[in-house]
Amino acid sequence: MVYNVIPENLFNVTLSEIMRTNNYIKTTNSMLIGLITLMGVQEVVANDMLTVYTPDKMKEAIKKADLKYLKDALEGGATVDMDIRMEAYRQPNKIILRMFEQIGEGVNVKDKEGRTALIIVARDGREDVVKNLIALKADVNAKDKDGITGLMYASVQGKVEIVKALITAGADVNAKAKDGITGLMFASASGNVEVVKALIAAGADVKAKDKDGITWLMLAPEKGYVEVVKALIAAGADVNAKGKDDSTALMLASFSGNVKVVKALIAAGADVNAKENDGTTALMGALGFGNVEVVKALIAAGADVNAKTNYGVTALIFALASDNVEVVKALIAAGADVNAKDKDGDTALDYAKNSDRREELVKILKEAGAKE
């Protein structure tokens, strides 16, 4: 016999809704089981009434602590996706937590991005849920598809209490993501000094480098995080370590124009005359951005005002390119050679003639002995 019509009021939800949600039915009526199965809906253990388990209903049951509904759904094989799990893990009800802990891969199941529940809540800053999951023996060193751990997410967000809880639970403070970045680098780049200190206290390697040779100390100076820089230096970070293109922390701080960080690095022994692979120095980089205070700090620390790049370009030429009269005068006062030539034979005077402040700069250079 073919049944062409099924009254929609037989169900708690409409047939079309059942079709959309790909959820579960409980019934003793074999005819209904057959018809529902044909519709693509999975059947669950028979019961004396028809019940539909949708994600929304399961989440509602979790919030209301409807243990009977949840027990029936889970025993019946209802689909439990990450959203449902997350709703359960957010609850303080230990019975519910245990229910979901025992399903499938338990608390360490991953979503399509490779993230576990612990990674997600650490990223979102949910300290209470992090502690719930740790109590359920969640893997504190699990990584997502990019190799990022919960500790790394918490570090970049500045969630120091979550960081401490994860460390106490055994999180590896020196674990690396696919690009070689660790929690300490995430914290340093974000300026989270309390997290930096917590990671260092737990044994984070302040000298480690990412795949491009960048150290934790190179990231904080670029953004002007002086307290982070001081904490890293105090923990033994190498102020003269070189990264990609042979750049140093002092160069990055000078290029970004943060005089406090520049002074902190100089005080810690940073080499003011170190060069990148193209011969650029910290002083040249600072001149390119026209930061007078950084330029003065570098000169006072012994920066070579006549150093040249691989192309023969001097600090004075960099200053002329930025049209900054004050730094031009500071360099001349510090002994800059106004007649030095680059590889093409051009002098500072030649560069000044192409400046927007041509007349003023040419006059300054000639008064300092520049020759045509």
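**View 1. Thr-248 in the loop between α14 and α15.** In this predicted model, Thr-248 lies in the loop that links α14 (226-234) to α15 (249-256); helices (H or I, at least four residues) and strands (E, at least two) are DSSP runs, numbered from the N terminus. Thr-248 has a relative accessible area of 3% and is therefore buried (under 20% relative accessible area, 1.4 Å probe, protein chains only). Apart from neighbours within four places in sequence, Thr-248 is in contact with Met-218, Asn-240, Ala-241, Lys-242 and Ala-274 (heavy atoms within 4.5 Å).

**View 2. Packing of helices α9 and α10.** Helix α9 (residues 150-157) packs against helix α10 (residues 160-168) at an angle of about 155°, and their axes are 8 Å apart; axes are lines fitted to C-alpha atoms over the stretch in contact, and angles run from 0 to 180 degrees between N-to-C directions. The pair is therefore roughly antiparallel (over 145 degrees). On the α9 side, the contact is made by Gly-150, Leu-151, Ala-154 and Ser-155, and on the α10 side by Ile-162, Val-163, Leu-166 and Ile-167.

**View 3. The protein as context for the close-ups.** The secondary structure comprises 22 helices and 3 strands. Of the 372 residues, 49% count as buried. Among contacts between residues at least 6 apart in sequence, 63% join residues at least 24 apart.

Residues are numbered from 1 along each chain as its sequence is written, and side-chain values use heavy atoms, without hydrogens and water. Local features need pLDDT of at least 70 and side-chain atom pairs count only at pLDDT 80 or more, whereas totals for chains, interfaces and linings use all residues.

Key:
Parallel < 35°, antiparallel > 145°, perpendicular 65-115°, else oblique. Buried < 20%, exposed > 50% of the residue type's maximum accessible area, 1.4 Å probe, protein only.
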